[in-house]
Amino acid sequence: MPDETNDKQAFLVSVLIPAKDEADNIGHLVGEIHRALAGRHFHEVVLVDDGSSDDTGAVFLQHCQQSGTPALLIRHARSAGQSTALWTAARHAAGRFLVTIDGDGQNDPADIPALVAQGLTMEKEHRHFCIAGFRKNRRDTRWKKIQSRIANAVRRRILDDGVPDTGCGLKLVPRETWLCLPYFDHMHRFVPALVKRLGGAIAVVPVHHRHRTAGVSKYTAWNRLWVGIVDMWGVSWLIRRSKLPLIERMEVRH
């Protein structure tokens, strides 16, 4: 049975899309999200227009209206980056589960139900968790794949976050968990490690990956390489300095 309801607070899923100048991709992406989730899970789509110079926001609202998809558009006055766009989206989303997806159409929304099914299972035993997509057959240039392979190997060695592909934009995290994470620029690449720092569980789900059909990447590997290395050591420091208390007993008197 689908969990359809008219109560906004009962959204099971909020799909979060950070996008900058993706007017040629966003309409098709919205349609795919609707086909993947309509009749299955009551959901909304939250798009943060990260300072676009095109009609990304207008195209998004038009296609959401056409499909009857509950939508929230938030526009940054100037580009603040992918992590900040996701942070903004998470703070304003209403869903119990937050699903992040890239705005370029390379992630396949048809994979979202599998992440939600895994989330419904995991929440029975875990308060905090992250389900990370794994692009097993990645559709990118050879140079980009090499960069990613090296970065992922270094990250796994330093952070031991339990995921083979943290660069995949498709992830599911409970909203309660996301709001417990520390915010900093580029933090979206370390979400599994930050969730693990909370004592959360990590799961990996293979997902599809597709070629970009329009536009060019705005958040490239090259422009985040050096800050990513610094951030990685910062996250490692946060993990080492974290203490998770074991609560023995709580007593309430009225």
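Let me start with a pairing: strand β4, residues 97–100, and strand β6 run antiparallel to each other, joined by four bridges. Before I go on, please note that this is a predicted model.

Within that pairing, Leu 98 sits opposite Val 173 of β6. β6 has another partner too. Strand β5, residues 129–135, pairs with β6, again in the antiparallel sense, over two bridges. Here Ala 132 has Lys 171 of β6 as its bridge partner.

Now the side chains of β6, which covers residues 171–174. Which residues point which way? Lys 171 and Val 173 point one way, while Leu 172 and Pro 174 point the other way. In a regular strand, side chains alternate between the two faces of the sheet.

Next, helix α1. This helix takes in residues 23–37, which makes 15 residues. From its first C-alpha to its last it reaches 22 Å, close to the 21 Å expected at 1.5 Å a residue.

How many of the 15 residues of α1 are buried? The count is 11, so the helix is mostly covered, with buried meaning under 20% relative accessible area. Among them are Ile 26, Leu 29, Val 30 and Ile 33, and also Asn 25 and Glu 32.

What covers these buried residues? The cover includes two strands, β1 (13–19) and β2 (43–50). It also includes two helices, α2 (56–67) and α4 (112–122).

One last point, on what follows the helix. Just after α1 comes Gly 39, with a positive phi of about 80°.

Conventions:
Residues are numbered from 1 along each chain as its sequence is written. This is a predicted model: local features need pLDDT of at least 70, side-chain atom pairs count only at pLDDT 80 or more; totals for chains, interfaces and linings use all residues. Side-chain values use heavy atoms; hydrogens and water are left out. The expected span of a helix is 1.5 Å times one less than its number of residues. Buried means under 20% relative accessible area, exposed over 50%, partly exposed in between (1.4 Å probe, protein chains only). Contact means heavy atoms within 4.5 Å. Two strands pair if DSSP finds at least two bridges between them.
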